[in-house]
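Thanks for coming. I will take a few minutes to walk through one model, and the sequence and structure are on the screen.

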Amino acid sequence: MLRIANHRLSGPGVSHQATPNTGGALRPRFVVLHYTAGRDTDSAVRSLCARKPQGNASAHLVLGRDGRIVQLADFNVVTWHAGVSQWAGVNGLNPVAIGIEMDNAGLLHREGDRCVSWFGRAYPEDEVVLAEHKHGGGVRPWHHYTEAQIERALELCELLVAHYGLEDVLGHEDVARGRKLDPGPAFPLAAVRGRALGRGSDAPPRWVVTATRLNIRGGPGADHTALGTALRRGTELILLEPLDRWSRVAVVGETDLEGWVCNDFIERQAVPRSGLVALHRSQRQVPLAAVARRAAGRSTALPRPTTSRTRRSEVSQ
Ligand SMILES: [Zn+2]
C-alpha cells in the first residue's frame, strides 16, 4: 500500500531520485496528469532530473508501465510540469499542482500500416488505441496505457486527494488547452477523476436537464454526433469534465451513457451530500480494467462528426 509521510511517498515499487528542477513552496490543490511522450521510464527520469540550457522540466512522480513509481521531488516543493496553464481562475498551475508523468509514447502517426512514435519506434496493434481526443482532431493512434499503470494512477490520485484534500484531478490537456494533448484519450481520465474524488468528502454534484429535449453528443460541440435519443427535461446527470461551453456528463441510471451536453441547458441540483456519495459510488464503481478496455474499444466505434444540418430543430444543441 502507498503512504505519504513528510511529503514523501513510500510503498512497494516506489523509489526516489532528486531532481534539481524545483522552485519554491507548493500548496497542493490539484493533481495534473501527463504522458512523457518518451521511450521508457528511465529516460523520462533522466530527462526530468537534467539541467538543460533551455526548458528545464520536472514533475513530482514518474509512473512506469509496470506500475513502478519514481519520486523526483517532495510534494511540498514546486516542480515544472504544467507550463503556461490555467484552471479555476488560477494562472500557472505549478505552484498549486502535483505533477505525475506517465511513461507513454503519446500521439503516434501512421507510416504505411505501422503506428510510429515521434522518436521512430513502431508499436504493435495491441498497444495502440485509435481514438479522437476530447478536444477534437479526428480519430488518431495513441500509445495505450497498461492496466498496472492505470490502477496505480488511480491509487496515487486517491491517496493524494485524501492526504492533501485536493480539489480536482486534471489532465495537462485540461489546463493547457490547445497547447497540450496529454494524457490523451487512451487514458480513462474521467473515470479516474470520478473515483478519486468520489471517495473523498466532496463528491461531484448532480445536474439536471432544463431543455425539453437535449442532445448528448460524442464531443464538445454541436458538430459532434448525437449519442442515442435526446435526454428529456429533468434527466439527472453527473458532471465529469466541465468546459467553458460544453461538459462531459454521465447519465444517472444509465451506467454506460456518457457524452457531452451544452452548458446552457443544464443546471445544478441541490441534493443531500450523503445521497450523492452513495449515488456516486453506485454509478461510478466500474472496474478500471473494464474502463481501460472500454476506452480502447470506444476507439473504433467513435461516431464521425456530422454537419449541423442533421440537427433536429426541436432538440437543444
Ligand atoms: Zn504534460
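**Walking through the model**

I start with a pair of strands: β15, residues 128-133, and β16, residues 136-143, pair in the antiparallel sense over six bridges. Within that pair, A131 has R140 of β16 as its bridge partner. The link from β15 to β16 is a hairpin through two residues. On terms, two strands pair if DSSP finds at least two bridges between them. Helices (H or I, at least four residues) and strands (E, at least two) are DSSP runs, numbered from the N terminus.

Some housekeeping. Residues are numbered from 1 along each chain as its sequence is written. This is a predicted model, in which local features need pLDDT of at least 70 and side-chain atom pairs count only at pLDDT 80 or more, while totals for chains, interfaces and linings use all residues.

Now the overall picture. The protein has six helices and 24 strands. It has 317 residues, and 42% of them count as buried. A residue is buried if 20 or more other C-beta atoms lie within 10 Å of its own, exposed if 12 or fewer, and partly exposed in between, with C-beta atoms placed from the backbone. Of the contacts with a separation of 6 or more, 69% are between residues 24 or more positions apart. Two residues are in contact if their C-beta atoms, placed from the backbone, lie within 7 Å.

Next, the six-stranded sheet. What is the order of its strands? This open sheet runs β3-β7-β6-β11-β5-β17, with mixed pairing. Its edge strands, each pairing on one side only, are β3 (14-16) and β17 (168-171). Direction ignored, neighbouring strands of the sheet are turned by 25° against each other on average. Axes here are lines fitted to C-alpha atoms, for helices over the stretch in contact, and angles run from 0 to 180 degrees between N-to-C directions.

Inside that sheet, β6 (residues 61-63) and β11 (residues 97-102) pair in the parallel sense over three bridges. The bridge partner of L61 in β11 is I100. Helix α1, residues 41-48, lies across β6, β7 (69-71) and β11, and runs at about 165° to β6. Helix α2 also packs on the sheet, touching β5 (30-35), β6, β7, β11 and β17, and its direction makes about 170° with that of β11.

Let me stay with α2. This helix covers residues 147-164, 18 residues in total, and reaches 26 Å from its first C-alpha to its last, close to the 26 Å expected at 1.5 Å a residue. The expected span is 1.5 Å times one less than the number of residues. Buried residues in α2 are Q149, I150, R152, A153, L154, L156, C157, L160 and V161. An α-helix has 3.6 residues a turn, so residues three or four places apart point the same way. After α2 comes G165, with a positive phi near 60°.

That brings me to the cores. A nonpolar core is a set of buried Ala, Val, Leu, Ile, Met, Phe, Trp, Tyr and Cys residues joined through C-beta atoms within 7 Å. The largest has 53 residues, and V31, V32, V62, I100, A153 and C157 touch the most other members. The helix α2 gives the most to this core, with seven residues. A second, separate core of 17 residues includes V209, A211, I216 and A250.

Next, W207, which is found in strand β18 (residues 206-209). Is W207 buried or exposed? W207 counts as buried because it has 22 C-beta neighbours inside 10 Å. W207 and V252 are 45 residues apart along the chain, and their C-alpha atoms are separated by 9.6 Å. Further along, strand β22 (residues 246-251) runs antiparallel to β23, joined by five bridges. V249 has G259 of β23 as its bridge partner. Strand β23, residues 258-262, is mostly covered, with four of its five residues buried.

Last, the three-stranded sheet. This is an open sheet in the order β12-β13-β14, with antiparallel pairing. Strands β12 (109-111) and β14 (122-123) are the edges, each pairing on one side only. Two bridges join β13 (residues 114-116) to β14, and V116 has A122 as its partner. A122 is partly exposed, because 14 other C-beta atoms lie within 10 Å. Leaving aside neighbours within four places in sequence, A122 is in contact with R114, C115 and V116.
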